[in-house]
Amino acid sequence: MKTLDKAFDPETYESRIAQLWEQADAFRGDPSRGGERFSMVIPPPNVTGSLHIGHALDYTLQDVIVRRQRMLGKDTVWVPGTDHAGIATQMVVERHLREQGLTRHELGRERFVEEVWKWKETYHARIVETLRRLGCSCDWSRERFTLDPGLSRAVRETFVRLHEEGLIYRGERLINWSVGSQTALSDLEVLRDEPEQGELWSFAYPVEGGGEIVVATTRPETMLGDTAVAVHPDDPRWKDMIGRRVIHPFFPEREIRVIADEILADPETGTGAVKVTPAHDPNDFECGRRHGLPMINILNPDGTLNENAGPFAGLDRFEARERVKQALTERGLFRGSRPHMYAPGRCQRTHTIVEPMLSTQWFVRMKPLAEPAIEAVRSGAIRFVPSSWEKTYFHWLENIEDWCISRQLWWGHRIPAWHCADCGEITVAREDPSACGSCGSPRIEQDPDVLDTWFSSQLWPFSVFGWPERTPDLERYHPTDVLVTGFDIIFFWVARMIMSSLHLTGKIPFRTVLFHGLVRDAQGRKMSKSTGNAIDPGETMDRHGVDALRFTLAAMTSPGSDIALSESRLEGYRAFLNKLWNATRFLLMRLPAELERERPDYDEADLDDLDRYLVASFLDTVDAVDRAMDAFRFDQAVEAIYHFLWHTFCDWSIELSKPDLASGDGGERGRIRGAVMLDVLDGALRLLHPFAPFITEELWQHLPRRHGESPLLATARIPTPDDPAVPVPRALDRPAARALVEHWLIEPVGAVRGLRSGAGIAPSRPIRVLLRPRDESGREALARFADRIGVLARAERVEVLDGAPPDEPALRHVGEHVEVTVPLEGAVDIEQERARLSRERDKLARERDGLRRKLSNPAFVEKAPAEVVDKDRGRLASVEARLAEVERLLGQLS
């Protein structure tokens, strides 16, 4: 048997264990295998840079699920991959080029795309390295990239098929134009959740024949594109003006009428009159379509004003705003302004203000696709965890607008449409055409735009398996079983995957969607480089090891809740893994020699009370983990494993078994005890493996193996309620086995230790312990465990009383099942201890009074930082608890 290193140091085994898995090809799926299968696809990270702590959470949870399913014996596939991330990647590469004094236009399209491919190769390698280091048990033979030839074919097939069905069209509509990114954006790529301080500016339009009509706007420059003023048809202030012409101060020749529109104009708001700019406002655009208004675009793509802006042409949009205000004021048309909070809409990538602008783009008709997607979730075919996200999903799909899918970028899937220079028609084709599909002219040119990156991402769950071909992988692994993702991309990605999969394959893309929260810092703040609170997963793994990071993230995860990650939690769970390492090493060093070769078989009759307690606790833990994982309660599963291994196995079973294993040859009892502890440790490592794969594989490789067992823990069976995976007796009375030891051994030992610690009695100081069962049924058990209680509590004598304890100075604890008394004579100097406790009581009382005064002061509570107030409240609770304990001890000394 190999010797386990004395020191716990993850760096010594992590890479070696990873190579072990890779050499065994442990994670490859086999579509020809038959039997149950389980499949997942990784949400592909963008090739824009390195992975952050949110990725570490996302992939840890997925790997926990996948490893568990693999250990359940299923043919398991987890497909890895990366996303080309069109606009995001192009932006970072352009920024990189600017640092070298270059622009993409200077390079030209072909050379620029070559530069992006170089960037992709560099960061793809870093991403894969991090995923492997994190222990992600992906099937790397199936790795995909969204610009791979196979996935590119799927994208083109989708575009052509939807175009043939009339679901993709090209038309002039109002779109979101990002001046910063120089491309159209979908509605989801526009941030509108941050209200900003703006100005509501009012001006008058003179009315032909006399009078004026006052309107207000946050964007005065857009009045250069006004083509009407709308009022409510029932508004008595303006009824007589409906149909009359207003005079544009800068374009007096333009035909602008007062129109009646009950949808756009609200008599209860402002003057009740609304300026109408159909080419630069979504509500005005719809109004313009209802009334057949001219649509005048005043903007260039770079945010300057075009020739339609007349005397303001060439000015930047924000400079033009001030010039227009100045010119209107000089003409006597200014009618006042006031501060106004509004959300102007900002580009998700550049955070520049987005301009609604009339433009010719490619769109997908979404309503026909949305209806089946709504039904798939409503019927339960797809389950959301937590289910509260269904309401958000339904609301968006029920109010969905057409999706603008064309982007004015160079990096991405180029739109498979060719424009004819002769007849003007557009040819959409699966293969590159040599001539126009309408007139046969060879003078055709491919559309310069690329598709929104989410157009290809929506195909991910089935394109990675070979769609549109009917491949063995597609038949076997689609639909997938679980998708793990953040709630922030429920619209960008989740909803679109459901719509596209249903429409293109006739199947749902996945059966369950698990939404997790965000990783925040210890104070609950969002992590970012600018605030300096970001946690780098690589550095964290260097410091604590991979398993400590994974275990911490899983321990803090419940569906939909954010995680407040702290260094102390990471340190605490690293300590847990260190304790497990030491306990395993101790057990292996104390095993009887024959157990190093093989473990003997045994049945319930061979077990003593401690064996039964250990086996019963293990089986209960198996049940708890199974229930928790069925509900995706990673936190509850981790808590069950943690409590069993730390408390039951390490703190109690190892300690209680030391006499039987003391010499490494404890006879028959030692042989059975060692075999039981090995089997239970084996089973516990299997339970823990999905959460902490490296340490568990390393420890498991050191355990003596049963004949025919898997060579790898990663592919061994995991314990379930129906199959504990190790040969422990399953039919024993678990509640009785646990109660016997917990009530009559663990409870009194814990009470004595607490009394000794609270009174400051040194562990080396001999004490007497008097035990009185609160239920006479426990007397025999207490007597049976008296010697073990004495050893564990370091008592020179343990007595089980028939009646009440003697009336003498003593420490007392009345537990749920046992009353424990520790006489103080000989254990402490009573007068000296009373004096010490009195001094501590007085000091604590003074601190308590000071904290109470401080926290009762409204000025402090309202003005001090919240974390300072919380810290003082926590300290007050701690002081009050210790003061109560000191007063209790003083009472026992009287």
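**Exercise 1. A bridge in a sheet**

Task: In this predicted model, determine which residue of S22 is the bridge partner of His419, and describe the sheet around S20 and S22.

Solution.
Step 1. The bridge partner of His419 in S22 is Glu445.
Step 2. Strand S20 covers residues 417–420. Its pairing with S22 is antiparallel and extends over three bridges.
Step 3. S20 and S22 belong to an open sheet of three strands, arranged in the order S21-S20-S22. The pairing in this sheet is antiparallel.
Step 4. Strand S21 (426–428) and strand S22 (444–446) are the edge strands, each pairing on one side only.
Step 5. From one strand to the next, the twist averages 30 degrees.
Step 6. As a general principle, strands of a sheet pair through backbone hydrogen bonds, in either a parallel or an antiparallel manner.

**Exercise 2. The surroundings of Arg734**

Task: Locate Arg734 in its helix, and state which residues it touches beyond four places away in sequence.

Solution.
Step 1. Arg734 lies in helix H22, which spans residues 734–758.
Step 2. Leaving out residues up to four places away in sequence, Arg734 touches Ala616, Leu619, Asp620 and Asp623.
Step 3. With one of these residues, Asp623, there is a polar contact from side chain to side chain, at 2.9 Å.

**Exercise 3. The largest cavity**

Task: State how many cavities of 30 Å³ or more the structure holds, then describe the lining of the largest cavity by position, element and class.

Solution.
Step 1. There are four cavities of 30 Å³ or more. The largest cavity has a volume of about 80 Å³.
Step 2. Its lining consists of 13 residues. Those nearest the centre are Leu162, Val364, Leu369, Gln458 and Ser500.
Step 3. Helix H6 (149–164) and helix H14 (490–505) each contribute at least two residues to this lining. The largest share, five residues, is supplied by H14.
Step 4. Sorted by class, the lining contains eight nonpolar, four polar and one charged residues.

**Exercise 4. The second largest cavity**

Task: Give the volume of the second largest cavity, name the residues that line it, and identify which helix supplies the largest share.

Solution.
Step 1. The volume of the second largest cavity is about 50 Å³.
Step 2. The lining is formed by Leu610, Asp611, Tyr613, Leu614, Ser653, Leu656, Ser657, Arg673 and Met677.
Step 3. Two or more of the lining residues come from each of helix H18 (609–630), helix H19 (634–661) and helix H20 (667–688).
Step 4. H18 provides the largest share, with four residues.
Step 5. By class, five of the lining residues are nonpolar, two are polar and two are charged.

**Exercise 5. The second largest pocket**

Task: Describe the second largest pocket by its volume, the residues nearest its centre, and the classes of its lining residues.

Solution.
Step 1. The second largest pocket contains about 550 Å³ of space.
Step 2. Of the 29 residues in its lining, Glu14, Ala18, Arg132, Arg133 and Phe694 lie nearest the centre.
Step 3. At least two lining residues come from each of helix H1 (14–23), helix H5 (109–133) and helix H15 (537–544). H1 gives the most, six residues.
Step 4. The lining of this pocket divides into ten nonpolar, six polar and 13 charged residues.

How values were computed
Residues are numbered from 1 along each chain as its sequence is written. This is a predicted model: local features need pLDDT of at least 70, side-chain atom pairs count only at pLDDT 80 or more; totals for chains, interfaces and linings use all residues. Side-chain values use heavy atoms; hydrogens and water are left out. A polar contact is a pair of N or O atoms within 3.5 Å; within protein, one must be able to donate a hydrogen and the other to accept it, and residues adjacent in sequence count only if both atoms are side-chain atoms. Contact means heavy atoms within 4.5 Å. On a 1 Å grid over the protein atoms alone, a cavity is a set of points where a 1.4 Å probe fits but cannot get out, and a pocket is an open set with protein on both sides within 12 Å along at least five of seven lines; lining residues have an atom within 4 Å of a point. Grid points are joined across faces, edges and corners, and a volume is the space filled by probe spheres set on the points. Ala, Val, Leu, Ile, Met, Phe, Trp, Tyr, Cys and Pro count as nonpolar, Asp, Glu, Lys and Arg as charged, and the others, Gly among them, as polar. Two strands pair if DSSP finds at least two bridges between them. Axes are lines fitted to C-alpha atoms, for helices over the stretch in contact, and angles run from 0 to 180 degrees between N-to-C directions.
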